[in-house]
Amino acid sequence: VRVLRVIRLLRYMTELRTIVVSMSSCVRPFLSSITLLALLVYTGGVYFTQLALTYRIDHQNTQAAAELSVHFGSLGSAIMALFQSVTNGIEWHTLVGPMMEHISPSVGFMYALYITFTTLA
């Protein structure tokens, strides 16, 4: 009886082997995609942090500067905010609204490009 069970298991081994080989061949493209997305989030974080920092330097001690520094006060918080906006952790209009209001409406276009590319990539 046990021998028959082992023989039945051997029949499934080729399918298991095919699944394992398929999964291992997908690892390299998956890591490439993750690297591209991480680079995009980092680049976006640097860009939006620089915009917020320039505004905060020019308009010190204002409510708008404090509002911008909440999510874009440092590179780490900007990267986290950008990641959260892509994964629905934060509504992205909440993040880009103050930047569009105080810095420039074109920031909204750049942010929409960021959201579009990260969602479709």
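Residues are numbered from 1 along each chain as its sequence is written, and side-chain values use heavy atoms, with hydrogens and water left out. Because the model is predicted, local features need pLDDT of at least 70 and side-chain atom pairs count only at pLDDT 80 or more, whereas totals for chains, interfaces and linings use all residues.

Helix H1 covers residues 2-25 and contains Ser22; helices here are DSSP runs (H or I, at least four residues), numbered from the N terminus. At 38% relative accessibility, Ser22 is partly exposed; the class lies between buried (under 20% relative accessible area) and exposed (over 50%), with a 1.4 Å probe and protein chains only. Ser22 and Gly44 are 22 residues apart along the chain, and their C-alpha atoms are separated by 33 Å.

Helix H2 spans residues 27-58 and includes Thr49. Thr49 has a relative accessible area of 13% and is therefore buried. The side chain of Thr49 reaches the backbone oxygen of Gly45 at 2.6 Å. Leaving out residues up to four places away in sequence, Thr49 touches Phe72, Ser74, Leu75 and Ala78, where contact means heavy atoms within 4.5 Å. Tyr55 is also found in helix H2 and, at 13% relative accessibility, counts as buried. With residues up to four places away again set aside, the contacts of Tyr55 are Ala64, Ala65, Leu68, His102 and Ile103. From Tyr55 to Glu91 the C-alpha distance is 22 Å, across 36 residues of sequence.

The largest nonpolar core has 18 residues, and those with the most contacts inside it are Phe48, Phe72, Leu82, Leu95, Met99 and Tyr111. Two or more residues of this core come from each of H2, helix H3 (63-72), helix H4 (75-86), helix H5 (92-102) and helix H6 (106-120). Such a core is a set of buried Ala, Val, Leu, Ile, Met, Phe, Trp, Tyr and Cys residues joined through side-chain atoms within 4.5 Å. In soluble globular proteins, nonpolar side chains tend to be buried together.

Within H5, Leu95, Val96, Gly97, Pro98 and Met99 are buried, and what covers the buried residues of H5 includes H2, H3, H4 and H6. Met99, apart from its neighbours within four places in sequence, is in contact with Phe48, Leu51, Ala52, Leu68, Phe72, Ser104 and Val107.

The largest pocket has a volume of about 150 Å³. Its lining consists of Leu40, Thr43, Gly44, Tyr47, Phe48, Met110, Leu113, Tyr114 and Phe117. A pocket is an open set of points on a 1 Å grid over the protein atoms alone, where a 1.4 Å probe fits, with protein on both sides within 12 Å along at least five of seven lines; lining residues have an atom within 4 Å of a point. The volume is the space filled by probe spheres set on the points, which are joined across faces, edges and corners. H2 and H6 each supply at least two lining residues, and H2 gives the most, with 5 residues. By class, the lining has 7 nonpolar, 2 polar and no charged residues.

The loop between H4 and H5 holds Asn88. Asn88 is exposed, with a relative accessible area of 70%. Most residues other than glycine have a negative phi. Asn88, although not a glycine, has a positive phi of about 65°.

Definitions and conventions:
Polar contact = N/O pair within 3.5 Å; in protein donor to acceptor, adjacent residues only side chain to side chain. Nonpolar A, V, L, I, M, F, W, Y, C, P; charged D, E, K, R; others polar.
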